[in-house]
Amino acid sequence: QVQLVESGGGLVQPGGSLRLSCVASGYIVSIYTMGWYRQVPGKQRELVAAITSGGTTNYADSVKGRFTISRDNAKNTVYLQMNSLKPEDTAVYYCNADIRDRITGPVQRYWGQGTQVTVSS
């Protein structure tokens, strides 16, 4: 059973920084694209950033220049460094990963349980 576990959320003042981590565990053959999404009550979950297994990154326009996604393939971990945080960044942040968990099986998308990020003075 593959699991994704996020950590690093919390309360931060505007202009501050946080670093989120997400570790994938279980029986894993390959991990492809990993990403971070966020969701606020009453709104759809939106993509924040994604990174392919080769290191190609993609960001939402609202976070470009402030957030950086990275990954450590040896540790099955994806990170999101968030700088210059704004109140509108407040949300539950979810990581996801496209994982093949059987040699002959399909690639499936797994999600973490979410971590709250609150930006407030």
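The model is predicted, so local features need pLDDT of at least 70 and side-chain atom pairs count only at pLDDT 80 or more, while totals for chains, interfaces and linings use all residues. Residues are numbered from 1 along each chain as its sequence is written, and side-chain values use heavy atoms, with hydrogens and water left out.

- You will find Thr115 in strand E11, residues 115–119 (strands, E, are DSSP runs of at least two residues, numbered from the N terminus).
- Thr115 counts as buried because its relative accessibility is 11% (buried is under 20% relative accessible area, exposed over 50%, partly exposed in between, with a 1.4 Å probe and protein chains only).
- Leaving aside neighbours within four places in sequence, Thr115 is in contact with Glu6, Gly9, Leu20, Ala91, Val92 and Tyr93 (contact means heavy atoms within 4.5 Å).

**The aromatic pair**

- Tyr37 belongs to strand E4 (residues 30–39) and Trp111 to strand E10 (residues 107–111), so the pair ties together parts 74 residues apart in sequence.
- Tyr37 is buried at 18% relative accessibility, whereas Trp111 is partly exposed at 35%.

**Charges over rings**

- The charged end of Arg19 sits over the ring of Tyr79, 4.0 Å from its centre (NZ of Lys or CZ of Arg must be within 6 Å of the ring centre and within 35 degrees of the ring normal).
- Arg45 lies over the face of Tyr94, 3.7 Å from the ring centre.

Definitions and conventions:
Helices (H or I, at least four residues) and strands (E, at least two) are DSSP runs, numbered from the N terminus.
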